[in-house]
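Here is a short report on a protein model. It covers the surface first and the helices after that.

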Amino acid sequence: MVKKIQKSGNAAQSAGQAASPLSGAIKDSAQQIWLAGLGAFSKAQAEGGKAFDTLVKEGLSIQRKTQAVAEERISEATSRVSTMANDISSKAAGKWDKLENIFEDRVATALNKLGVPSARDVESLIERIDALTQQVHSLGGKPAAARKAPTKAVAKAPAKAARKAPAKAARKSSRAKAA
């Protein structure tokens, strides 16, 4: 607080000197304000380093806590997303398998309608040929040659035979009826 300083002096001072105590009081007040500012600066400089260090420590502590919480939240979110991705993946795989089975069934039905024998049909015919070859061999026919893997021509032959068999049967039944 600024003190009002009055100079004690003779009461007989002149009128020109009356203005002098007022200017002296202003000068003294300015001096006191200046000195108060220097004192505050000095005190802030001395204690400011301590206060700054304290603030840095508190900031570091808060930063560590914040990072720990953020990492925990990220970990939780990552596990949730991973779980959801696994669930979606398993559901998609199930749907894909179902779609694949439907497609295979429809293709097999279409090929069957066109008269194309299935792999099972071809395998059955190969087994039958092998059995017949064994019977021919046991009846004294020529020895069976080593069986080769079926070629496209072999695979087509049973298909043609399968298509011709119903036609032959129909012709035989019509001849039998005519006779």
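A residue is called buried under 20% relative accessible area, exposed over 50%, and partly exposed in between. The model discussed here is predicted.

Take Val107 first. Its relative accessibility is 34%, so Val107 counts as partly exposed. Val107 sits in helix 1, which covers residues 15–113. Val107 also belongs to a nonpolar surface patch.

Asp97 is another member of helix 1. Its relative accessible area is 42%, and therefore Asp97 is partly exposed. Asp97 gathers with Glu100, Glu104 and Asp105 in a surface patch of negative charge.

The two residues compare as follows.

| Residue | Relative accessible area | Class |
|---|---|---|
| Val107 | 34% | partly exposed |
| Asp97 | 42% | partly exposed |

An α-helix has 3.6 residues a turn, so residues three or four places apart point the same way.

Now the overall fold. Which elements does the protein contain, helices or strands? There are three helices and zero strands. Read from the N terminus, the order is α-α-α.

Helix 2 spans residues 119–138 and has 20 residues. From its first C-alpha to its last, helix 2 reaches 29 Å. That is close to the 28 Å expected at 1.5 Å a residue. Gly140 follows helix 2. The phi of Gly140 is positive, near 100°.

Last, the totals. How much of the protein counts as buried? The figure is 4% of its 179 residues. The protein exposes about 16100 Å².

How values were computed. Residues are numbered from 1 along each chain as its sequence is written. This is a predicted model: local features need pLDDT of at least 70, side-chain atom pairs count only at pLDDT 80 or more; totals for chains, interfaces and linings use all residues. Side-chain values use heavy atoms; hydrogens and water are left out. Patches are made of residues with over 30% relative accessible area and no salt bridge: like charges are joined within 9 Å, nonpolar side chains (Val, Leu, Ile, Met, Phe, Trp, Tyr) within 5 Å. Accessible areas come from the Shrake-Rupley method with a 1.4 Å probe; for residues, only the protein chains shown count as cover. A salt bridge is a side-chain nitrogen of Lys or Arg within 4 Å of a carboxyl oxygen of Asp or Glu. Helices (H or I, at least four residues) and strands (E, at least two) are DSSP runs, numbered from the N terminus. Buried means under 20% relative accessible area, exposed over 50%, partly exposed in between (1.4 Å probe, protein chains only). Lys and Arg count as positive and Asp and Glu as negative; His and the chain ends are not counted. The place of a charge is taken as NZ of Lys, CZ of Arg, CG of Asp or CD of Glu. The expected span of a helix is 1.5 Å times one less than its number of residues.
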